[in-house]
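Please look over the sequence and the structure shown here before reading the report that follows.

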Amino acid sequence: MRGGLSRVTAARARRGLHADDGGQISALAVLSAAAFACLLLLVINTGWATSGKIEMQNAADASVLSGATWMARGLNIISVNNVTQVQLLALIIVLRALDDALPLAILTLEIELPACALLLWGAGVCAAIITKQIALLNGVKNVIDGLSNLYEDNGLLWRTAKLLGTWSKFIAYSFPLIGMAEAHRIATVDGADVGLLIPARLPSFQIDKPLLPVHEGKVSDLCARLDGPVSDLETPFQIGSLLFVNSGLNLYLHLAVLSNKANICEGTAKSDPQGPLGSVAECLAKGGGTAYWQHAYYDTKPSFSMFPPDVPDGAERSEKVSYPCSADIAPCPFGLTKCGGMSVSSSNQQQPDGTYKNVYVGHVSRWQFVYALGKDQPPPPAGSGPTENDDSPHPWLLGAEGRLETEQIQKDLRSMAVAYRRREMHVAPGYFVTPWGAHKISYAQARVYNGTAFDTFTSDWRVTLDRTSMLEDGTLLDGLRFGQGGLQQAKVLDKVPDTAMSKITDFFGAIVGRVLETLNNH
Amino acid sequence: MDVAHYTFLRIEFLRAILPAALGCAGFAVMSLASGRFLSACARRRLLRPLGDHGSSELEFALALPWFLVSVLVTIQMTLMVNAMLVVDYAAFCAARSAAVWLPQTVPNEAANSIAPPDDTDSEKWSRIRRAASLSCIPISPRLSSFAGGFLQLPAAAITAEQFQALAALGDPMPGQTISPLRLGIDTLDKWFYSALFTDVSLYGQDGMPRTDFPGDTPVTARVAHKFYMNVPFAGPLMGRVFGYRYFWLIGPYYVELSSSYTLQMAHS
């Protein structure tokens, strides 16, 4: 009875269920709502993924730029140090030359003083002028004598120059490491978990070599800077008041040399190459050589373009110019290609036939550092140039481990940053993964360059983004290559012939390089 | 010029989208209204002696096609919006690539200049275009499915098993990681389309297309991707409104999605 009742109830319930048509649309609505939700998730997912990719790329860019900036910063400081070393050496030379020349100049004037009495007219004025000059030079001499602890052997200037070299060394070793730390910090600030800066020299890194592509130069490299006026900034006699000192010395030293009393080697480049005291080597052999004073005259051709030939009759003009030496004017002394501090004067002179002709006279004078350490040390052999001494200040120059070609140095000045982010930007991982994944890794390359001159005497080192050439030319893979290190060094592959090994590594290297080149999008 | 250029791009897109959106709304209203109207007629006149059994099924049957079409159109539109995001990213990649490649000196192309866009030997163009097409891979159809679409293969010709097998070829199942091999195959399969139908043009600081770019100036990359409208019914339907065909009167439809991005050029 109970069973029959329940059957009736169940049948009625089934009929009721079939008759109830509510919920058809709502089922459809639920399905479509689910579909729309999926679509919404897809769009949000893609938006997150693409913005995450851009974020990571920007993180890598910022990371590599900030890391490489520390390398540029290091090169700028090294450049300033090098230039300061040059200027300190120039100062030593000038002060020593003054120390030698001033007594001679005073002596010359004291000889001339009695000669004033022989003048028939203006003897008093002559004596007064010369007495005043003597007093003035004595004052300067006292100052120079008081500064002797600056320019003496191993004096303050010399020690400061050496200290600058040590500072440069510290920078060459430490700044790339600071850059690596900074790159990581910037990458984390920009949303990555890790930022790794890879300087181009890192794969072949040795602990006793700096990561900056620089090496310790010699003191002669500094002297070369003194010798060749590469730029106005570095030319010692262009340093403000030293120009005045130079012109003053020109007068007094010339007098002293003519009276054959100066401990200075002097020569003229064209008219009398040997000079009054013989060649430089002979002069040095005689014990001279505190500094080498060169005084050269050039007779320029009338076609000199700085002054047009239509100068009015009798007019005179003089102008200080920097003029490149060329064969048709005069050969540059000592292989220089540019003479600094050249003054040119021109005048119209009447010729015997009554016509006027422009005459131009160029006058070039400069210092040349030959022997900075002073007369207490033996002079160097002829042609050997400046002395090499470990106790000398050393500049830090571009190039490392013999890789001195500009192209190689430029390659060494690259850096690459890899930014890594652990978390994925996904609404529903696994459902809407695009084929390129979540972009957890991004990379960028930067290059340190100098906008003015490619040397460590010009502090204009900057950073720019670069195409990722380190990825394609094998720089990154060098450290991992079988042929150059790794397994071969570990004696694992000793039994494999080198030629076969190189063929295998070349083959796979070519494939890997090609794949990397194809997938590298910047 | 720049602002006008970008604004025009967006308006262009809106002008393409708006008719479709209005059309969808119209379809929805029409489907609702017609269903209501027909069922009311049936209820009132013809079928009154028989009761109202089945009227809701009729409503359902009448509304279903419209409903399905509107769902499909929504899917297609969502995929297009999705693709817009990816094309935005492609524009970023192209601009990033141009910013570092334009200042380079490569054979036949000096620093800060680039060959004409139709120069097929240009390394700079190939690099910049590759950056854009690599980014557009996720929204590109597989070569196989695109060719199928081109031949107008009916979807019903593929069984459910075959469809699942095809889908498994490229798309990871939930919780499944992508193997590098599958990723490689999938990438190649999609890259054909992406490389063919993604184009880049470069504009200088003045907003004009040019081949020489002064140093340290901004460069704008504009990426145009022909987005393949592959949703059944909705693709051809929307394509007829604002899309294009790959060839005259033949093949499936595409819509051109474009985006621009400006970056400062690197130093040469």
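The expected span of a helix is 1.5 Å times one less than its number of residues, where helices (H or I, at least four residues) and strands (E, at least two) are DSSP runs, numbered from the N terminus. This is a predicted model, in which local features need pLDDT of at least 70 and side-chain atom pairs count only at pLDDT 80 or more, while totals for chains, interfaces and linings use all residues. Residues are numbered from 1 along each chain as its sequence is written, and chains are lettered from A and ligands numbered from 1 in the order in which they are written.

Helix H2 of chain B (residues 55-101) has 47 residues and should therefore span 69 Å, which agrees with the 68 Å between its end C-alpha atoms. H2(B) also bends by about 40 degrees at B:Leu64, with a proline, B:Pro65, following within four residues; the bend at a residue is the angle between axes fitted to the seven residues ending there and the seven starting there.

The predictor's confidence in each residue is given as pLDDT, from 0 to 100. Chain B averages a pLDDT of 80, and 76% of its residues score at least 70. The table gives the lowest and the highest mean among the elements of chain B.

| Element of chain B | Mean pLDDT |
|---|---|
| Helix H5 (residues 160-170) | 60, the lowest |
| Strand E1 (residues 198-203) | 96, the highest |

Where the two chains meet, 28 residues of chain A are in contact (C-beta atoms, placed from the backbone, within 7 Å) with 36 residues of chain B. H2(A) gives the most to the side of chain A that touches chain B, with 14 residues.
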